[in-house]
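Reader: Could you walk me through how to read a few features here, starting with a helix and working outwards?

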Amino acid sequence: MRKILYALSLLLLAGNSHAALNVFACEPEWAALAQQLAGDRASIYTATGALQDPHRVEARPSLIARARRADLVICTGAELETAWLPVVLRESGNGEVQPGRSGYFEAAQYVTMLEVPARLDRAEGDVHAAGNPHIQTDARNFLPIAEALGQRMIQLDPGNAAFYRQRLDAFGQQWRAALAKWEQRAVPLRNVPVVVQHKGFPYLSNWLGLKEVAALEPKPGMEPSAAHLAQVLETLKRQPAKMVLRAAYQNARPSEWMAQRADINAVTLPYTVGGTPQATDLYALFDDTIRRLLDGLK
Amino acid sequence: MSRKIFLGAAIAALSIHPLNASAASDADLQAIREQIQQLKQSYEQRIAQLEQRLQQAEVSGKRAESSAAQAQAAAQQASRPAASGEDAFNPAISLILGGTYGQLRQDPAIPPTGFAMAAHMPPDQGLGLGESELAISANIDPHFRGTATMALDPAGGVSVENAYIEGLALGNGLNFKAGRFFSGLGYLNEQHAHAWDFVDQPLVYRALWGNQLGEDGLQLRWLAPTETFVEIGGELVRGRGFPGTDRAKNGAGAGMLFAHVGDDIGIEHSWQAGASLHQTRRVDAQSDAVPDLLGTAGGVSNLFSGDSRTAGLDFVWKYAPNGNVKESYFKLQGEYFRRRESGMLTYDIAAANVTDSYAVTQSGWYLQGVYQFMPHWRAGLRYDRLDPGVAAVGALNAGNVIGNYAFNPVRTSLMVDYSPSEFSRLRLQMARDQSRQGLTDNQLFLQYVMSLGAHGAHSY
């Protein structure tokens, strides 16, 4: 219930309807970033909650109505929202936020993508041609994205250019300081072997040096089967891991099953802003992520 | 930088110059002090300027870092293999493969009681190729998008299910379609067969819309700039789909108006409700095998010409714990349609050939719930009911045409489906069909629906 209330309050973040910039954020992390960069100059609507699987959202009437009024749509891209966003944008009748227009911003275009598949085949499960879209788990990615997003806001709302510039510089400074702090704190995580439930953490692992030894999903996006779980358990006997990671929106059962059998810690990561009660903003998101990972070492 | 040094030197030169002019006096000393003060200020200014520049350089250095990262990302994009010239602009192609097995106890060709003059779309009996269709879509240019869906008929032919263009950049909440499309009326009508929750359409869609109303013409929709979803739309079409009677004439053969409102309640609930109006003029609409009061074996063939007006209401409500539809959700939907037809009916065109007035109001509704109780697994229950109405039959035909059937066709369907992935679905459906008086039919269906290639987003 508390989670629900929390997600609700996130959705209601945007109250001010007279703000200069109407922002439609596909995921909570981009809403939080827009909030950092635009402050009260933007009215921000978050299309998905932290406990929703961002691959599988429905093109609900409310989303279409919000996209209709948006000046700026901020999404991850890399096909993460392909099951719902194209319909929402087309039905919105809003020419300014269509892909290719300045009102449409894809974060994945500004970072180095990982796990770009060499073979595009649905037999490989839910693979994305542009690479793994879960870029928000590496805090470093927020710097280039913030820079590009800030520029985009200046382009769309030039009257407030100085304001955005100043917020962007302030964010950059604070974020760098926070990065140094996080990386310092995460030193014990380097080379720690982990199991992941969904292949949703390559960026986090790449950043903090975690070693993914197995995934509970046999193929990306497919539910863990009993046979596959047994196989992973077998792998873990030869190659022990410290913990099993899952995102807050995912079903707890597979990772708990594995944690019990393999006698390792099951760690739930917020994954995005609002995923845990502690992850209240972008800074708290990574504070909490690293704290939970460190707790998982114990 | 050199300009600043020059400026500093000039100030210094200026300040030294008076010293040469005369010997030191109190006034001179005062002047010197002032000049030194000026010098000090000027240097302080310059130091402040230098500090500021240093800071700026630091910031831009950091920007350079992040733009280097951007450049890296761009380089990565550039290094991806580019599609070769000719197929670079290939549209999205998706193929739906479907197959059904239907086990029926009664002859599917017999229409629901009282609806012999409506459309009849019987379910397939035995093993059959169900809905297989090929869809192609792409943006045409910055202004238009095109979509075509070809249905592959089990008998071997190909029919054009959809072929339309859409506006991309009308703005102001406006959308238009032109070509052949599924009408925007109701909730289910626009959904393609592969997205249906049951093997077949509700009885009311089968009887009043020939399963699904597809039309040729124009559609215009407008989305209001409100936080609540409010959409109104209209269509001017040829009237090729039932109940229209396809014929060559100037102007439009049928018209539609519809409106939808919808919203979320928290993140777990969402809903949409709508109303639709449809109007067409039917000309020489022939129905065969219509039962009559005389009990003619095999029924008779009638012709009807007149006005057909239909009004409908639809709603859907969806609930998903935490809004996460991947885990589980519940969907409740219902629709009601009521059609008034009035005009002239010619009874038994092959023999008696008697024409007189005829008017009837027919209606139907369904209510269905679908529950995804765990990932990949869903169960659904649907109840259908039709009301054939009581017809006002002109005096000449009062002894020929059945005006009152005194029977309401009903059907209850239960389905379970399993979707190994987003792209495949296997379904089992059982139905108790009491839509034909005295002919209760227990039906069993097995179905697979698979999609390969590009798979576009589904609407709500």
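Reader: Which residues of H4(A) are buried?

Author: Happy to start there, keeping in mind that this is a predicted model. A residue counts as buried if 20 or more other C-beta atoms lie within 10 Å of its own. In H4(A), that label goes to A:Leu85, A:Val88, A:Leu89, A:Arg90, A:Glu91 and A:Ser92.

Reader: How many residues of chain B are in contact with chain A?

Author: There are 45 of them, in contact with 47 residues of chain A. On the chain B side, the elements that give two or more residues are helix H2 (26-79), E6, strand E9 (254-265) and strand E10 (269-290). H2(B) provides the largest share, 9 residues. Sorted by class, this side of chain B has 16 nonpolar, 21 polar and 8 charged residues.

Reader: Now a sheet, please. In what order do the strands of the open sheet in chain A run?

Author: The general idea comes first: strands of a sheet pair through backbone hydrogen bonds, either parallel or antiparallel. In chain A, 4 strands form an open sheet in the order E2-E1-E3-E4, and the pairing is parallel. Strand E2 (42-46) and strand E4 (104-106) of chain A are at the edges with a single partner strand each, so one side of each has no neighbour in the sheet. From one strand to the next, the twist averages 20 degrees.

Reader: Which residue is the bridge partner of A:Asn22 in E2(A)?

Author: A:Ser43 is that partner. Strand E1 of chain A (residues 21-25) pairs with E2(A) in the parallel sense over 5 bridges. Helix H5 of chain A (residues 142-156) packs on the sheet, where it touches E1, E3 and E4 of chain A. The direction of H5(A) makes about 170 degrees with that of E3(A).

Reader: What does the domain assignment of chain A give?

Author: Domain 1 spans 2-181 and domain 2 spans 187-296, according to that assignment. Their C-alpha centres lie 24 Å apart. Across the boundary, 33 residues of domain 1 of chain A are in contact with 25 residues of domain 2 of chain A. Helix H1 (2-11) and helix H2 (28-38) of chain A each supply at least two residues to the domain 1 side, and H2(A) gives the most, with 5 residues. By class, this side of domain 1 has 14 nonpolar, 10 polar and 9 charged residues.

Reader: And chain B by itself: how many helices and strands does chain B have?

Author: Chain B has 3 helices and 18 strands. Of its 460 residues, 32% count as buried. For contacts in chain B between residues at least 6 apart in sequence, 61% join residues at least 24 apart.

Reader: Is B:Leu127 buried or exposed?

Author: B:Leu127 is exposed, because 10 other C-beta atoms lie within 10 Å, and 12 or fewer is the cut-off for that label. B:Leu127 sits in strand E2 (residues 126-129) of chain B. Its C-alpha is 28 Å from that of B:Leu367, a residue 240 places away in sequence.

Definitions and conventions
Residues are numbered from 1 along each chain as its sequence is written. Chains are lettered from A and ligands numbered from 1 in the order in which they are written. This is a predicted model: local features need pLDDT of at least 70, side-chain atom pairs count only at pLDDT 80 or more; totals for chains, interfaces and linings use all residues. Two residues are in contact if their C-beta atoms, placed from the backbone, lie within 7 Å. Ala, Val, Leu, Ile, Met, Phe, Trp, Tyr, Cys and Pro count as nonpolar, Asp, Glu, Lys and Arg as charged, and the others, Gly among them, as polar. Two strands pair if DSSP finds at least two bridges between them. Axes are lines fitted to C-alpha atoms, for helices over the stretch in contact, and angles run from 0 to 180 degrees between N-to-C directions. Domain bounds come from an automatic or database domain assignment.
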